[in-house]
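Have the viewer open as you read.

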Amino acid sequence: IEATADCDTNVTPPPPPPPINVRFQLEDTSGAPGGDVAIPFSIRADRASQGFSYSIQFEKTILEGTGTDKLFETESGTPYEFEKFEINNEPGFVVGAASISLEDTGDGLPPGRDVRGLELDFHIPPGAPGGETMLEFLDGGQGSGGPVRNKLIAGGENITPESASSFIFVNGRVNIVPDGTPFVRGDSNGDATVNITDARHALNYLFLRGATPPCLDAADANDDGKLNITDPIAILILLFRGGSPLPPPATPGLDPTADGLDCAG
């Protein structure tokens, strides 16, 4: 008996998965010794994603992790399937993981846009030196379940820098400035003058997630204790309509009015 085996050589292999590009980003901020700062953590990916994990290192002698606030809520309002956010101040790591939905229900992080998922909270000790300190994405931060990697979960896959088409990490900076920093009212970009670039800098910060002004008190052009659209408008009116001078200080000096803003953010 002669056995034969059919072999279909025309079978088309399944197509490869579509490319995916991922970006994890921490925003810059400013703070004063003895104060607190909150640093948003944003995620962007080409595909809808159902979860993520992160491992972020910070300088333990300059910053002290105090908490993690979840910012992204599902469209349906259902809780995450799993979430665990931890702080380990001794080596200087914040780590965490979240599974928003075990199935692709549409409740995950939407594709194609920056999504603020978390906010990381830190305290700056009173004796912290001035200058910049970095928060950096670095695999291996120790959580209660072991070392943590930076990765995204999309379509049931663990997306790591090795498996993604591109995986970009944008580290964050905390600018530590002392209290009582002299400033010029309306000087949003910190160059000690007031011109059109200050209005542009304030608008970018307010509406395009641009860089944080070096001194929030200076960016409060109308000195109402808040940062909003009225501040760049006050600068533009002064420059192009000959409006009234901005509130003091007009030359580098301290704020003569008490409010919730200062040069430490």
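Predicted model: local features only at pLDDT ≥ 70, side-chain atom pairs only at ≥ 80, totals over all residues.

## Ground rules

A residue is called buried under 20% relative accessible area, exposed over 50%, and partly exposed in between, using a 1.4 Å probe and protein chains only.

Residues are numbered from 1 along each chain as its sequence is written, and side-chain values use heavy atoms, with hydrogens and water left out. Helices (H or I, at least four residues) and strands (E, at least two) are DSSP runs, numbered from the N terminus.

Let's start with an open sheet of five strands, ordered 5-8-3-1-14 with mixed pairing. Two strands pair if DSSP finds at least two bridges between them. Strand 5 and strand 14 (166-170) sit at the edges with a single partner strand each, so one side of each has no neighbour in the sheet. From one strand to the next, the twist averages 15 degrees. Angles here run from 0 to 180 degrees between N-to-C directions, and axes are lines fitted to C-alpha atoms, for helices over the stretch in contact.

Now go across it, pair by pair. Strand 5 (64-70) joins strand 8 through six bridges, running antiparallel, and Asp 69 has Glu 119 in strand 8 as its bridge partner. Strand 8 (residues 115-123) is also antiparallel to strand 3, over eight bridges; here Val 37 is partnered with Phe 122. Strand 3 (residues 36-45) is mostly covered, with seven of its 10 residues buried.

On to strand 1 (residues 21-26), which runs antiparallel to strand 3 with five bridges. Leu 26 has Phe 41 as its bridge partner in strand 3, and Val 22 has Ala 45 there. Val 22 also has a bridge partner in strand 14, namely Phe 167. Strand 1 and strand 14 are joined by five bridges and run parallel.

## Helix 1 against helix 3

Helix 1 (residues 196-207) packs on helix 3 (residues 230-240) at an angle of about 160 degrees, and their axes are 9 Å apart. That's why helix 1 is roughly antiparallel to helix 3. For these labels, under 35 degrees is roughly parallel, over 145 roughly antiparallel, 65 to 115 roughly perpendicular, and the rest oblique. The crossing of the two is left-handed, meaning the near helix is turned anticlockwise from the far one by less than a right angle (clockwise would be right-handed).

Which residues of helix 1 and helix 3 meet? Helix 1 brings Ile 196, Asp 198, Ala 199, Ala 202, Leu 203 and Leu 206, and helix 3 brings Pro 232, Ile 235, Leu 236, Leu 239 and Phe 240. The residues of this contact divide into 10 nonpolar, no polar and one charged. In that count Ala, Val, Leu, Ile, Met, Phe, Trp, Tyr, Cys and Pro are nonpolar, Asp, Glu, Lys and Arg are charged, and the others, Gly among them, are polar.

## Two loop residues

Ile 62 lies in the loop between strand 4 (51-58) and strand 5, and at 14% relative accessibility it counts as buried. Beyond its neighbours within four places in sequence, Ile 62 is in contact (heavy atoms within 4.5 Å) with His 123, Ile 124, Pro 125, Ala 128, Pro 129, Thr 133 and Ile 176. Ile 62 and Pro 125 are 63 residues apart in sequence but 6.7 Å apart in space, C-alpha to C-alpha.

Thr 78 is in the loop between strand 5 and strand 6 (82-88). Thr 78 is partly exposed, at 37% relative accessible area. Its C-alpha is 8.3 Å from that of Asp 107, 29 residues away in sequence.

Most residues other than glycine have a negative phi, and most peptide bonds are trans. Ala 192, in the loop between strand 15 (172-176) and helix 1, has a positive phi near 70 degrees. Arg 209 has a positive phi too, about 55 degrees, although it's not a glycine. Arg 209 is in the loop between helix 1 and helix 2 (216-219) and is partly exposed at 36% relative accessibility.

Finally, look at Pro 248 and Pro 249, which are joined by a cis peptide bond with omega of about 10 degrees. Pro 249 is found in the segment after helix 3.
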